[in-house]
Each structure stands twice: as structure tokens, then as C-alpha cells.
Amino acid sequence: MMFDLSDDDTLYDALLARDPDYDGRAFVGVSSTGIFCRLTCPARKPKRENCHFYNDVAACLQAGFRPCKRCHPLSPAAQGDPAVATLLAALETQPEHRWSETDIIRMGFDPSTVRRAFKRHFGLTFLEMARSRRLALGFTALSSGSVIAAQLDAGFESPSAFRAAFGKLMGVAPGSLAKDALLRADHIKTPLGDMIAVCDNRALHLLEFADRKALPAEMQRLRKAAKGSVGIGRFLTHAQIEAELEAFFAKTSDQFATPLALHGTAFTRNVWASLRTIPAGETRSYSAIAAAIGAPLATRAVARAYGANQIAIVIPCHRVIGADGSLTGYGGGLWRKQYLIDLEKHYADRRQP
């Protein structure tokens, strides 16, 4: 049974005290370093505002954190399973490698057995863990000032690779993806990894990081709305949003003029409209957004609308933070959220007289 997390202040006190009662039952991700630890970690304690608490290892990895080398939060499971121990050691040696089932077989293990073992211990498979570790390299690159694009290597290496991946995402054979569909998908390279853009000939329907876990469900909803007419290809809309993203990351413009097709309730669309009024370089809390739309008691509903957004960056969910200044959740990973907030400081500085 999953341990119900205490409130963050209680968990931070437990972290400071290295309370053994929480060992293995709660973990802390530190946004300033990109590392996650046990609460009993002997390392120097981080500032409260940099701490984010999680139930399990899987949540830490999926949020973009990598395991601490002092308290080894993955090690208890490894001690009891030779396959897990061997693969974790290999992953630690080559975190940037694009691991596959072929690699697992080459190391003498059965992929299905390994899959079950990792799911049992960590809540995700070895290959999912490896992908999370590869993406987490982006945080390291960000912290060191190096080029994230050179580190991430999480993208599509060819049109055929994208077509195969997208077909799998949609649950259809790649060859059955129509080129003349009403909605068409293509990928856009960014410094934070590939994004998938789905457009019709007049508007953008979806813009998400290709590794986001909510993407399959979002695509199925779009497919249903389009009566199955979703395929591969580009419209002028794709070219427009691609150019605007390029300008955004190049720090030359924070404006997005691509028309948007918004799939949500009236309340949800109202929340998204409010998000778009937050200037680049500024942030708001959930409660501030609720007050801005005239529903000050609807903070939880605002958070649900935030989570339902499927047009990343353009509808800037990354500008919403906790009331205490913490980053809080972000579907693309907290390290991406931190990157975007830091990048947008340039636009805020440029507005200064």
C-alpha cells in the first residue's frame, strides 16, 4: 500500500532530523541539484524552497531527478535481486545510453523477468527508468551551463522513426496513418527535446513534449474528436508554431500568434486564457489564478485545468508555482519548468525601462 505523504513542512523536518521512520517511505527531490535522496541522506541539507517530496522512486525519476550517490535510494531493491543490481550498475555507468531489450538479453537476462522485477521494486520498467535518467541529464546540463540539446538525445532520428513511434502511440500500424487526415502530427526539435505538434489547416490542437506520460490519453481524445482522422504531415500551422518556438528559445520573441483549438470546458478555457495573460518572466500561484477568473474558492479546479492543458509553453503552465514559491508539478518535468522560468527572465529584464 502506498504511504500517504505527510505535509511538506513535516517531511522537511524529518529530512533535517534524518528521521529513520521515513526511510524508504518518502523521498526528496532537490530542484537546485536535480538529485533525489532518502530523508536519511547524510548530505548537507537543502533549502526548504528547493525541496519536493514524493511517495516513491518512480515519481522522483519521472519528475526529472537522478538518484543521489551518497544515500543510494535505489539500492535496497538491488541488494535482493542480482538482475536489478547488475542493470542498475550498468545504468549508472552509462546513463546516456539508449537502452533496449537487446541490451538486456546481451547481458544474460530475460526481458520479461527484468520488466516484472523493476515494476515490482520501483513502479516502472528498466527501460522507462533508463529513459528518465537520460532525460534527467538535461538538468545536469542546465546546471553546468552546457547545451541541453547535445545531452538529451531523446528525439526522433528520422521521419520513419517518428512515424513508427506515432503509430505505436495511436495504436495503429504506421502504414495506416493517413497523409490527408484532418489533424496531422509532426515533431519539432527544441533545446528541451522533441515536441509533438498536432494541427489542422488553421489551428494548433496539441503541443506536448514527446516523453510526457499523459500524451497517449491526449492523443486518443483528439482522435475521438476528429472521428479517427489523425495522421502524419504538416500544415502551414506547423511551420508557424515551429518558427515561434525557435524565436522563443532564441530569446528574440515571447509572442505566440498561432491560432489555438482549445478542447475543454468553458471553465477550463477560462483558466487557460488567464494563464496566457501572465507575462513571460513572471509567475502566479493557483490561488492567484482562481482569484483572477472570479472563482477564489476554486483552487483545486484551477489545478485540474492546469493539468488538462495540452498546449505546452504557448499556454504557459510553467508560470504557475506553489503559494510558497516551490515549482510544484509540471507534466514535462520540473527540470524543464525551471529551464523555462530561467529563460524567461530575459524577457522580464528586457521589459525594464
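This is a predicted model: local features need pLDDT of at least 70, side-chain atom pairs count only at pLDDT 80 or more; totals for chains, interfaces and linings use all residues.
**Helix H9**

Helix H9 runs over residues 159-170, and at 1.5 Å a residue its 12 residues should span 16 Å, which agrees with the 16 Å that separates its end C-alpha atoms. Within H9, the residues Phe162, Arg163, Phe166, Gly167, Leu169 and Met170 are buried. An α-helix has 3.6 residues a turn, so residues three or four places apart point the same way. On the other side of H9, by contrast, Ser160 and Lys168 are exposed.

What, then, covers the buried residues of H9? The cover includes strand E5 (183-188) and strand E6 (195-199), together with helix H10 (215-225) and strand E8 (230-232). Just after H9 comes Gly171, whose phi is positive, at about 75°.

His72 belongs to the loop between strand E4 (66-67) and helix H3 (75-79), and it is partly exposed, with a relative accessible area of 42%.

Ile313, which is not a glycine either, has a positive phi of about 70°. The loop that holds Ile313 lies between helix H14 (299-308) and strand E10 (320-321). Is Ile313 buried or exposed? With a relative accessibility of 1%, Ile313 counts as buried.

**Cysteines**

A disulfide is a covalent bond between the sulfur atoms of two cysteines. How many disulfides does a search of the whole structure find? The search finds 0 disulfides, and the table sets out two cysteines for which the closest cysteine sulfur is that of Cys37.

| Cysteine | Closest cysteine sulfur | Distance between sulfurs | Relative accessible area |
|---|---|---|---|
| Cys51 | Cys37 | 9.1 Å | 1% |
| Cys68 | Cys37 | 3.8 Å | 8% |

Since a disulfide requires sulfur atoms within 2.5 Å, the 9.1 Å between Cys51 and Cys37 is too far for a bond, and the 3.8 Å between Cys68 and Cys37 is likewise too far. Cys51 is buried, at a relative accessible area of 1%, and Cys68 also counts as buried, at 8%.

**Aromatic rings**

The count of aromatic pairs comes to 10. One of them joins Phe248 and Phe249, whose ring centres are 5.2 Å apart and whose planes stand at 75°, so the pair is edge-to-face. Both Phe248 and Phe249 are buried.

Another pair is made by Tyr286 and Tyr306, and it is edge-to-face because the ring planes stand at 75°, with the centres 5.4 Å apart. Tyr286 lies in helix H13 (residues 286-292) and Tyr306 in helix H14, so this pair ties together parts that are 20 residues apart in sequence. Tyr286 is buried, with a relative accessible area of 18%, and Tyr306, at 10% relative accessibility, counts as buried too.

Which residues do ring pairs link into a cluster? The cluster consists of Phe248, Phe249, Phe256, Tyr339 and Tyr347.

Conventions
Residues are numbered from 1 along each chain as its sequence is written. Side-chain values use heavy atoms; hydrogens and water are left out. Helices (H or I, at least four residues) and strands (E, at least two) are DSSP runs, numbered from the N terminus. The expected span of a helix is 1.5 Å times one less than its number of residues. Buried means under 20% relative accessible area, exposed over 50%, partly exposed in between (1.4 Å probe, protein chains only). Contact means heavy atoms within 4.5 Å. Rings of Phe, Tyr and Trp (its six-membered ring) pair if their centres lie within 6.5 Å; planes under 30 degrees apart count as stacked, over 60 as edge-to-face and the rest as tilted.
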